[in-house]
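Please read the following points with the model open beside them. They cover the pockets, the overall dimensions and one hairpin.

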Amino acid sequence: MAARNKLAITGGRVLDPGEGIDQISDVLISDGRIEEVTLKTGESKFDGYEVIDAIGMIVSPGFIDLHTHLRDPGQEWKETITSGTRAAARGGFTTICAMPNTDPVQDSAGTVEDVIRRAAVDGVVRVLPIGAISVGQHGKQLAPMGELADAGVIGFSDDGNAVEDGNLMRQALAYSAEVGLPVINHAEDKKITDGGVMTAGVVATRLGLPGAPNEAESAMVARDLYLADLTKTQLHVPHISTIGSIEVLRSAKERGVNVTAEVTPHHLTLSEEWVFGLKGEVPSSVGLESYDTNTRVNPPLRSKADVRALVDALRDGVIDIIATDHAPHAATDKVCTYNEAAPGINVLETAFSSVFGLVNNGQISLVRLIESLTTHPASILGRDVGRLRKGFSADVTLIDPFNLWVVDPSTFASKSVNTPLNGVELTGRVVRTIYQGKTVFHSQLEVRNNG
Ligand SMILES: [Zn+2]
């Protein structure tokens, strides 16, 4: 009988941009760690290994999400560490970084240690907490950043709120430099947003919804880039979504500012026309299906020109990574008017497949996609994850590139179902996720269990 702690993933296309691997290989796992990626398949000795046939599959390092909202503690009816990590596993993510806007806010060592302790017991994948920048995320007084760093946070963010006070942001950057962790500032000047619930423009006008200009984001990104340059600190820009933000980001990178940036799957694939509720189609007249509250998100869905620019910037490496901004909300937060709806999209379980569409239509390469979900987020974290390197944690994601499926939120492991992709057909799917050498998601086993 095969020992349970030895695993051989055989015959798949092993793709690890960090290690420079893209070939048919076998991945050997022992005691929860990568033992070896063989140069040629079939030459390995599999005695004593549990064998996983990966012929026809893409074998990737487990995905890393730098931006997840777990809602735990405080809003456990939306998501918990258990459900959120199970959703992550279904999406191919083996490491997720939890945003601090919980209740209580992650602004003290005690709250952070509580999440770490419970995630180790209840989580099926790795949870790395992000600490708050300011006490209570109120933007008035810095959180104890040194204490939070000692407790194990991987960065600082008041996500949901931007740090509006420029001098507080400057101080946050200076302190974060001391502890060597990035500041992730939610890039939105709410004074410029001024109550807008979607992007200002023709669609907002037709729907009669208050619009916010793109500059609410771009202006905040520009300010933060100058402050990061001033303090020589690592800045990570979350959910970048406008052409203006891309322009200031590109120019800052050319000046050598220490900055990285992320884009979400929805900003890469959905435009503001999705608010019409017809999966991106523009109706001849506004009907009952319009105002799809599941499209309400911060930053809001943008124009098609912004979407194209985001894809180009990801392809060219101006935007470094894809992060989900997984934001589960209860039905009651979405069964209401568009103005009242809570902003946020449930993303973990559709993230890979929706972006894989960009690979299928030739807009970005598969290598770049995998890199933006593995190697690059790992280098922002500075942790030994995201590679199939000998001795690294055996975190592996198996993808069936031809799997055709229809998004059905009722099958989500997440506690929430707030996605505008309900009923959308996608190609390419995560079929198995292995974390520390153990299978934490397997599509066929799941079907069998349900049957
Ligand atoms: Zn945010």
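1. Residue classes are used as follows: Ala, Val, Leu, Ile, Met, Phe, Trp, Tyr, Cys and Pro count as nonpolar, Asp, Glu, Lys and Arg as charged, and the others, Gly among them, as polar. On that scheme, the lining of the largest pocket holds nine nonpolar, ten polar and five charged residues.

2. The model is predicted, with local features needing pLDDT of at least 70 and side-chain atom pairs counting only at pLDDT 80 or more, while totals for chains, interfaces and linings use all residues. Residues are numbered from 1 along each chain as its sequence is written, and side-chain values use heavy atoms, with hydrogens and water left out.

3. A pocket here is an open set of points on a 1 Å grid over the protein atoms alone, where a 1.4 Å probe fits, with protein on both sides within 12 Å along at least five of seven lines; lining residues have an atom within 4 Å of a point.

4. Of the 24 residues lining the largest pocket, Leu-268, Thr-269, Leu-270, Trp-274 and Leu-358 lie nearest its centre. At least two lining residues come from each of α9 (265-269), α10 (304-316), α11 (351-360) and β16; α11 gives the most, with five. Helices (H or I, at least four residues) and strands (E, at least two) are DSSP runs, numbered from the N terminus.

5. Domain 1 (6-59 + 393-408 + 421-450) and domain 2 (62-381) each contribute at least three residues to the lining of the largest pocket. The domain bounds come from an automatic or database domain assignment.

6. The protein chain has 14 helices and 17 strands. Its C-alpha trace spans about 65 × 55 × 40 Å along the principal axes. Of the 451 residues, 60% are buried (under 20% relative accessible area, 1.4 Å probe, protein chains only).

7. Strands β16 (residues 425-435) and β17 (residues 438-442) run antiparallel and are joined by four bridges; two strands pair if DSSP finds at least two bridges between them. Ile-434 has Thr-439 of β17 as its bridge partner. Two residues lie between the strands of this hairpin, where Gln-436 takes a positive phi near 50 degrees.

Terms used:
Buried < 20%, exposed > 50% of the residue type's maximum accessible area, 1.4 Å probe, protein only.
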